[in-house]
Each structure stands twice: as structure tokens, then as C-alpha cells.
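I am opening my notebook on a new structure. I will write down what I look up, one topic at a time.

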Amino acid sequence: MGEPEFEHDGSLVTVVVDGQPQSAVDLDDPTRLDFEYVQHLAMCVDALTPAGPLRVTHVGGAGLTLARWVQHTRPGSPQIVFEPDAALTDAVRRRLPLPRGHRIRVRGLDGVSGLAGLKDASADVVLVDAYRQGRVPAELGSLEWFAEVARVVGPRGLLLANLADEPGMRYAARVAAGARQALGQAAFVALHEVLKGKRFGNLVLVASRGPLDVWTLRRATASAPLPTGVLAGDQLQWRTAGARPFRAVAGDTASSPDPPHRDAWRRW
């Protein structure tokens, strides 16, 4: 990866890596979540987890936006962040220092290696927001990966993963098929235009081994500042019919599709 850049707009600092914006951090207000998909991830945490501290494992760190948000909104939450780019982490610590009293531990490991070292049912939430050159790495979409996530979250935990796909959602459909097979329950949260397959954009994959409270999730999206929807149940089954999970053991994996030009990406 190239050297990270830090773009300032008032109190908001955007971390840019390889020409792609990775994080937006407001040190004065950790609840300010500038990227739409980050808002969706946070909304899912609030809608689907009980109040109070949470054990959160992050795959992908960059500016640590969501780790800071969890620390602020759920004080005392023990958090582990797997971020293999040590140079990026060092630059973020210097330019965007973490708050005092935090319980955020950043480890210089990729998601696959990191999760392999965690105990069973050791996380309430596994939150995946990892990109390599603007694409979700292939290893983070396979059935084997989701089986490992299922082990770490246990019977009551939650997986939230930021994906990106183009119209047709063929990549996302295969990822959802793997998550559903490994964990049991799956849904997507995204802007309506993305869910309808009208344009390239981000989708939050929501998955759990226990019942998924889709009603509460729909209620949360109804009050979202941007037109947001939920794709779940029979609708998800219909949209992903025939999709096969990616299988690492068979050498059948793929990264997410190439993103559009950076200027267009940032408008989303």
C-alpha cells in the first residue's frame, strides 16, 4: 500500500489510501459518521445489540472510525482491531490519536490470521470493513471465512460486513449465500438504489446464528437520514436464488468488483 494521506475539512479528517478514502474521523465528535455505509454499520449495531459494553472484533482498521464510535457510545467496550498495514496504523496514531481510557487493541494481522487466534464465542460483534486497492479481499467472502466468523461470534453474536457491488449484485449474492450457509440468517442493508441494483455501491451484510430481528432493523432504516432499506427473508432468497457460496478450498474465490472513479466513489 502507498503512504496514507490525510485530507482536512474543518474538524473532519479523511484518510486516503491508494487513492481511495478509507475513513473519515472527527476527533471533536466521534458520533459524526460521514460515510453512508459507516452510518449503516453503526445503525445495525444499535438496532441489533443490547445496550451497554460490547466485545467487538474489527477486521480492517484504517482510521478506526467505528472503534472510536463504539468507545464513545458504549464506554468500556473491549475491542480488537486487525489491521495488517502497520505503517497506516502508526500514521493514524500520530495524526489521529485515540481517546484516553480506550480499550482498543490494534494488532498487525489480517482478518483470517487474526480470527484464527480468537477463542470460540469471544465476540459479540465481528465488524468487517477491509479493502485492498479499493476491493474487498477474496478471502473475506468465502464459506470457510464465514465458518470461522460463526465460531468466533458463537450462537448469539452478530456479523456486520461492508461489501461493495455493481448492478446485478452477483458478487454480493454469492457472499450472502456463504454467510447464510455458515451462520443461518442473513440480510442486506443499503441505500434503496443499491438494493434495487441501479448503481454500484456499498451494502452491509448482516448475519447471525440466532434469529435476526428484521422488524427492528426495518424500523431503524425507516428513520435513517438517507433512503435506506433492508433485503431479507423471501426477498433475499429470490434475489440470490441459485447463487453458490465462494469456496476457498476449491480455489473459487473473488474480490469485490472494481470501484468506479474515486471522485464518484466519494459522492456515495
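Predicted model: local features only at pLDDT ≥ 70, side-chain atom pairs only at ≥ 80, totals over all residues.

**Entry 1: helix 2.** Is helix 2 mostly covered or mostly uncovered, and how many of its residues are buried? I looked at residues 65–73, which form helix 2, and found seven of the nine buried. The buried ones are Thr65, Leu66, Ala67, Arg68, Trp69, Val70 and Gln71. So helix 2 is mostly covered, given that buried means under 20% relative accessible area.

**Entry 2: the whole chain.** I stepped back to count elements. The protein chain has 10 helices and 11 strands. Its radius of gyration is 17 Å, close to the 18 Å that the globule rule gives for 268 residues, so the chain is as compact as a globular protein of that length. I then took the box along the principal axes: the C-alpha atoms fill roughly 45 × 40 × 40 Å. Of the 268 residues, 55% count as buried. I also looked at contacts with a separation of 6 or more. Residues 24 or more positions apart account for 71% of them.

Entry 3: In soluble globular proteins, nonpolar side chains tend to be buried together. The largest nonpolar core here holds 42 residues, and Leu159, Phe188 and Leu205 touch the most other members. Several elements each supply at least two residues of this core, among them strand 5 (79–82), helix 5 (143–153), strand 8 (158–165), helix 6 (170–183) and strand 10 (201–208). A second, separate core has 31 residues, including Leu54, Val56, Leu66 and Ala224.

Which residues is it in contact with, leaving aside its neighbours within four places in sequence? The list includes Phe146, Leu159, Leu160, Ala161, Leu163, Val175 and Phe188.

**Entry 4: the largest cavity.** Rolling a probe the size of a water molecule over the atoms shows where empty space is left. I counted two cavities of 30 Å³ or more. The largest has a volume of about 50 Å³. Its lining includes Val128, Asp129, Trp145, Phe146, Ala161, Asn162 and Leu163. Helix 5 and strand 8 are the elements that give two or more residues to this lining. Strand 8 gives the most, with three residues. By class, I listed eight nonpolar, one polar and one charged residues. Phe146, Ala161 and Leu163 line this cavity, and leucine 205 is in contact with these three residues.

**Entry 5: the second largest cavity.** This one has a volume of about 40 Å³. Which residues line the second largest cavity? They are Ala24, Val25, Asp26, Asp29, Pro30, Arg32, Leu33, Thr65 and Arg68. Strand 3 (20–26) and helix 2 are the elements that give two or more residues. The largest share, three residues, comes from strand 3. By class, the lining has four nonpolar, one polar and four charged residues.

**Entry 6: threonine 228.** I ended with one residue. Threonine 228 is found in strand 11 (residues 228–232). Why does threonine 228 count as buried? Its relative accessible area is 6%, and buried means under 20%. Leaving aside its neighbours within four places in sequence, threonine 228 is in contact with His40, Met43, Val189, Ala190, Leu191, His192 and Thr221.

Conventions. Residues numbered from 1 in each chain as written. Heavy atoms only, no water. Buried < 20%, exposed > 50% of the residue type's maximum accessible area, 1.4 Å probe, protein only. Helix = DSSP H or I, 4+ residues; strand = E, 2+ residues; numbered from the N terminus. Core = buried A, V, L, I, M, F, W, Y, C linked by side-chain atoms within 4.5 Å. Contact = heavy atoms within 4.5 Å. 1 Å grid on protein atoms, 1.4 Å probe; cavity = no way out; pocket = protein on both sides within 12 Å on 5 of 7 lines; lining within 4 Å. Points joined across faces, edges and corners; volume = space filled by probe spheres on them. Nonpolar A, V, L, I, M, F, W, Y, C, P; charged D, E, K, R; others polar. Rg over C-alpha atoms; globule rule 2.2 N^0.38 Å.
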